[in-house]
Amino acid sequence: MRSYVSSADAWVVGVDSGGSGLRIALGRAADGVAVETVASREPVRTGPGGIEAAPLLAQVLPAVEAMRGRAGAGAVVAVAVGAAGMATLGDELRAVLPGALDQALGVRRLALAADAVTAYAGALGQRPGAVVAGGTGLIALGTDLNTWRRADGWGHLLGDCGSGAWIGRAGLEAAMRAFDGRRGGSPALLARAEERFGPAAGLPAALYPRSDRPAVLASFAPEVAHAATAGDPVAAEILRRAAAHVAEAASAVCPAAGAPEVALTGGLFMMGDPLLVPLRAELADHLPHARPTPAAGDPLAGSLALAAWLATDTLRLPTEPRLLQLTR
């Protein structure tokens, strides 16, 4: 198959769409390195048909044209879109984006990926291993370069174990236990919860009706880390259990053979030593054959890399309709 990068002036676009907004990067196809990135705090809407294509295109197309103009860029030959919810809510994007991007930009090479795939591509590139992406939620993705394996990412009611929402909920439960006088409570976390949310008795009414419950729960996770640092044993135990959940997810998806790499990406792992110290121990216990590796880049870098690999016919990550779908 002919590579599109016969010209030194071939360009690619990477898109990272998540719950907190949209980021778009422009780079040269030859190396996939961003020359400019733009960001919007307006998330793409989700409707009855899933993630809506029109609002995404309304943000992406003008941004791409503006970046091309500032960079003096030539033709865009490949685009990769990574989106939270692509696996379960991406039907409209898969149906609309190939034709729309071809018509607007003349782009026929398109990768539509779950955000876990772009997180993997950004963190480990095209090497076998496992990546845990942790923030408000948590998902693990692994590959031997033949198939993908996924663990968790089931949302705060059914999973996301060890995530920011999970840690925050466990911390608030410990606060309520202290309020009631039950075993397992933490007076330190109760004090932090009341400082943040008001009197403990009013917490259920303040929390349950909110549509952004996972984010509110996750907002309390740093308080759990601060309490653990200050010596609270209940908070420290919550983070130890969170670390075990993260390691279990990584172990479930990591290739069993060879010397795979394991990387962590996302805001969850910026909590520092209160989480990372027990997590390193858990990973060594669950995956003694794997090599911990710092994430090389974030999901936007992963989207741009996917586009460059697609443009240069060097993409080796496995395709799977709901995780990584290609149009050539």
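Here is a walk through the inside of this structure, going from its cores to a few of its helices and then to its cysteines. Keep in mind that the model is predicted.

Let's start in the middle. The largest nonpolar core has 64 residues. Val12, Ile24, Leu97, Val117, Leu306 and Leu317 are the ones with the most contacts inside that core. Helix α13, residues 299-311, gives the most to this core: nine residues. There is also a second, separate core of 48 residues, with Leu217, Ala227, Ala242 and Val253 among its members.

Even leaving aside its neighbours within four places in sequence, Ile24 is in contact with a list of residues including Val13, Val38, Val60, Met67 and Leu300.

Val117 takes us to helix α4, where this residue is one of the buried ones. Nine of the ten residues of α4 (residues 115-124) are buried, so the helix is largely enclosed by the rest of the structure. Just after α4 comes Gly125, which takes a positive phi of about 70°.

Next, have a look at helix α6, residues 164-180. From first C-alpha to last, α6 reaches 24 Å, close to the 24 Å expected for its 17 residues at 1.5 Å a residue. At its N-terminal end sits a cap: a side-chain oxygen of Ser163 lies 3.4 Å from the backbone nitrogen of Ala165. After α6 comes Gly181, with a positive phi near 85°. The buried residues of α6 include Trp166, Ile167, Leu172 and Met176. And what covers them? Among the elements doing so are α7 (187-197), α10 (221-229) and α11.

Helix α11 (233-253) turns up again at helix α12, where it and β11 (261-265) are among the elements covering the buried residues. Those buried residues are Leu275, Leu276, Pro278, Leu279, Glu282 and Leu283. Why can you find a pattern like that in a helix? An α-helix has 3.6 residues a turn, so residues three or four places apart point the same way. The length of α12 works out too: its 14 residues (273-286) should span 20 Å at 1.5 Å a residue, and its end C-alpha atoms are 19 Å apart, which agrees.

Finally, the cysteines. How many disulfides does the structure hold? It holds zero. For Cys161, the nearest cysteine sulfur is that of Cys254, 19 Å away. A disulfide needs two sulfur atoms within 2.5 Å, so a gap like that rules one out. Cys161 counts as partly exposed, at 25% relative accessibility, whereas Cys254 is buried, with a relative accessible area of 5%.

Key. Residues numbered from 1 in each chain as written. Predicted model: local features only at pLDDT ≥ 70, side-chain atom pairs only at ≥ 80, totals over all residues. Heavy atoms only, no water. Buried < 20%, exposed > 50% of the residue type's maximum accessible area, 1.4 Å probe, protein only. Helix = DSSP H or I, 4+ residues; strand = E, 2+ residues; numbered from the N terminus. Core = buried A, V, L, I, M, F, W, Y, C linked by side-chain atoms within 4.5 Å. Contact = heavy atoms within 4.5 Å. Expected span 1.5 Å × (residues − 1). Polar contact = N/O pair within 3.5 Å; in protein donor to acceptor, adjacent residues only side chain to side chain.
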